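Please look over the model below before reading on.

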Amino acid sequence: MYFRGGAAMAATVRVQSDWHQVLRRNEGEAWLSCKSPGKSTLYGSLTCQGVGSDGIPEISASEGFVVGEITKKSILISCPHENASTKFLAPYTSFCRIHQKSVTCIDISSGGGLGVSTSTDGTMKIWQAANGEIRRQLEGHVYDVNCCRFFPSGLVVLSGGMDAQLKIWSVEDASCAVTFKGHKGGILDTAIVERGRNVLSSSRDGTARLWDCGKSACLGVIADCGSPVNGIAVGIADNSLNLGTPERAPSEREVGTEDKILLLAREDKKLQGVGLQSRQPVFLFVGSDAFNCCTFLSSVYLLAGTQDGNIYQLDMRNTTAPVQVIHRSGAPVLSLLPYRDGFIASQGDGTCFILQQDLDYTIDLTEADCDPVYKVAACEREIYTCCRDGIVRRYQLSNC
């Protein structure tokens, strides 16, 4: 699995964040750039030559750039000299009124009908994914809520906060059904095992814990890293991986842990794999900076993002060297999400991009202007982002 558009020395094409508004006006102009590592940046511009009766603008590019397919919400730009192409996608809709301040986490229910998000305004809300209309406010955490996600059923939400508490909420009436206590520091990420009888959390206290939802109890500390665990992911491991054997028989309250591996993105520049049932280390990889996030591409391949802008693709069967290191900018990689035959990444400089295996161009989700995009969620062709500017953006992908 290799992403051509993500090669370490690949050039990056960028455009003015509000290009889709500027280029709807006759003679409107937006800046362009193409940056290739070790070379001087090529700067250029796009100019609107008029808007057709179908509402699609006619756009020309300055020397060194070529305009490809244009729709109302997207434009494909190439820089032939650097062999780089990017499709820029503007939001289909933007929701500005869900929260008053930065939106720090977001998830979309499995059917795509509902969204849940947290904010530095101290709130966690459930809303209609189609129009941003608020349905419920989930109240009960002390201080900020760091992370939120739907259970696979879409009827229940899991959240973790700076108060070191993990909570389970009913979507229907906003009641808090379960509160887990045991962490000694703020919870930074969560994961759900299969359908959700067991859940996982990671914390500033350096531990990752497994919890039993039915009994509201901790089933054990899966890892104690001695350093904050910024992100976790759970997945089915390829059967060629040795996940180790448990030192003692697992509790009958553990459900679906036997063939799973837990990834830990650690503040101390380490990415760790641990057998979920065995609690035994599977691999330890040292990166260039603190790891912020991690995810699985398959039962063999994983991705992990660092504070200095590197996205490592690793083969868990041999982690001595990465399969690929993708580096678009030095901004922190804040979230990674598997998508189709590739992934979506968001960074601290406002960029959010999609790389797919068979695609010879990158897709950039635009409009966030230098404000960090903290998290991305997707349901089929709908992609949602949350940003420091307080806006939840919804993008619609064509069959690209």
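Accessible areas here come from the Shrake-Rupley method with a 1.4 Å probe. In this predicted model, the protein exposes about 16,700 Å² by that method, and carbon and sulfur atoms supply 46% of this area. Buried residues, meaning those under 20% relative accessible area, make up 57% of the 400 residues in the protein.

The secondary structure consists of one helix and 35 strands, and the C-alpha trace spans about 70 × 50 × 30 Å along its principal axes. Because a compact globule with 400 residues would have a radius of gyration near 21 Å, the value of 22 Å for the protein agrees with that expectation. Among contacts between residues at least 6 apart in sequence, 45% join residues at least 24 apart. As for charge, the protein carries 38 positive and 43 negative side chains, and the centres of these two sets lie 4 Å apart.

Most residues other than glycine have a negative phi. Asn-83, however, has a positive phi near 55°, and this residue sits in the loop between strand S6 (74-79) and strand S7 (84-89). With a relative accessible area of 60%, Asn-83 is exposed. Glu-367 is not a glycine either, yet its phi is positive, at about 120°; Glu-367 lies in the loop that runs between strand S32 (362-365) and strand S33 (373-379). Is Glu-367 buried or exposed? At 17% relative accessibility, Glu-367 counts as buried, because the cut-off for that class is under 20%.

Methods
Residues numbered from 1 in each chain as written. Predicted model: local features only at pLDDT ≥ 70, side-chain atom pairs only at ≥ 80, totals over all residues. Heavy atoms only, no water. Helix = DSSP H or I, 4+ residues; strand = E, 2+ residues; numbered from the N terminus. Rg over C-alpha atoms; globule rule 2.2 N^0.38 Å. Buried < 20%, exposed > 50% of the residue type's maximum accessible area, 1.4 Å probe, protein only. Contact = heavy atoms within 4.5 Å. Lys, Arg positive; Asp, Glu negative; His and termini not counted. Charge placed at Lys NZ, Arg CZ, Asp CG, Glu CD.
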